[in-house]
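Subject: Structure handover, with notes

Dear colleague,

Here is the structure that I am passing on to you, with the sequence alongside.

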Amino acid sequence: MSGAQLYDTIGATYTVTRRTEPRIAARIWAALGDARTILNVGAGTGSYEPSDRHVLAVEPSALMRSQRLPDAAPCLVGSAESLPFDDQSFDAAMAVSSVHHWQDPIAGLREMRRVARRVVVFTHDTSDTGWRHRFWLTRDYLPEVADLLSAGLR
């Protein structure tokens with residue numbers, strides 16, 4: 001199942017169950033440094049897009065794009081593995097908890113590096129089944145992930 005298909009299936013109430021986690025946001029925004037133009041890859045609803053910078057989003061799931069707030073950054077249909085931008089078009093590219101859904105993560109990360117001078121990625125290791133009960137992100141912010149992994153959805 002592709003990332004877009006997964007989110008078109010499980011993402012119907014995403015904006016109800018997900019909110020910007022201040023600790024994560026602070027780290028991401030600090031890592032973006034002085035970047036003024038930012039590409040958000042696998043952007044979802046845009047929870048971690050900084051409002052004080054010029055952001056453009058790329059998201060493959062129509063359902064996720066439809067849940068973006070009216071004042072969110074513009075969002076294009078696309079995938080990480082084939083970004084439709086010239087080399088070094090952005091100061092930074094960011095991806096938040098989406099790499100594990102990409103068809104080819106290495107190709108996606110290469111594309112991010114190609115189109116941006118800085119790359120900021122927030123992700124977690126989904127292969128370790130024991131982490132889902134110990135890791136604060138899963139326990140406190142993504143409790144349904146354990147159920148998805150148990151059902152074989154990644």
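Helices (H or I, at least four residues) and strands (E, at least two) are taken here as DSSP runs, numbered from the N terminus. On that basis the chain has eight helices and five strands, and along the sequence they follow the pattern α-α-α-β-β-α-β-β-α-β-α-α-α.

Please bear in mind that this is a predicted model, in which local features need pLDDT of at least 70 and side-chain atom pairs count only at pLDDT 80 or more, while totals for chains, interfaces and linings use all residues. Residues are numbered from 1 along each chain as its sequence is written, and side-chain values use heavy atoms, with hydrogens and water left out.

The sheet

The five strands form an open sheet in the order β3-β2-β1-β4-β5, with parallel pairing, where two strands pair if DSSP finds at least two bridges between them. The edge strands are β3 (75-76) and β5, each of which pairs on one side only. Strand β1 pairs with β2 in the parallel sense over five bridges, and Leu39 stands opposite Leu56 in β2. Three bridges join β1 to β4, which also run parallel.

Buried means under 20% relative accessible area, exposed over 50%, and partly exposed in between (1.4 Å probe, protein chains only). By this criterion buried residues make up 44% of the 154 residues in the chain, and β1 is mostly covered, with four of its five residues buried.

Isoleucine 38

Ile38 belongs to strand β1 (residues 37-41) and is buried, with a relative accessible area of 0%. In the sheet, Ile38 stands opposite Ala92 in β4. Contact means heavy atoms within 4.5 Å, and, leaving aside neighbours within four places in sequence, the contacts of Ile38 are Leu32, Pro50, Arg53, His54, Val55, Leu56, Phe90, Ala92 and Met94. His54 is 16 residues from Ile38 in sequence, yet the two are 6.2 Å apart in space, C-alpha to C-alpha. For the chain as a whole, among contacts between residues at least 6 apart in sequence, 58% join residues at least 24 apart.

The helices on the sheet

Helix α3 (residues 22-32) lies across β1, β4 and β5, running at about 165 degrees to β5; axes are lines fitted to C-alpha atoms, for helices over the stretch in contact, and angles run from 0 to 180 degrees between N-to-C directions. In α3, Ile24, Ala25, Ile28 and Leu32 are buried. They cover an arc of only 95 degrees around the axis, which puts them on the same side of α3, the arc being that of the directions from the helix axis to the C-beta atoms. Pro22, Arg27 and Ala30, on the other side of α3, are exposed. Just after α3, Gly33 takes a positive phi of about 60 degrees.

In helix α5 (105-115), the buried residues are Gly108, Glu111, Met112 and Val115. Seen down the axis of α5, these residues fall within an arc of 100 degrees, so they line one face of the helix. They pack against β1, β4 and β5 (116-122).

The nonpolar cores

A nonpolar core is a set of buried Ala, Val, Leu, Ile, Met, Phe, Trp, Tyr and Cys residues joined through side-chain atoms within 4.5 Å. The largest such core has 15 residues, and those with the most contacts inside it are Leu39, Leu83 and Phe85. At least two residues of this core come from each of β1, β2 (54-58), β4 (90-96) and α5, with β4 giving the most, namely three residues. Apart from it lies another core, of 13 residues, among them Tyr48, Val55, Ala92 and Val120. As for Leu83, not counting residues up to four places away in sequence, it touches Leu39, Val41, Val58, Glu111, Met112, Arg114 and Val115.

With best wishes
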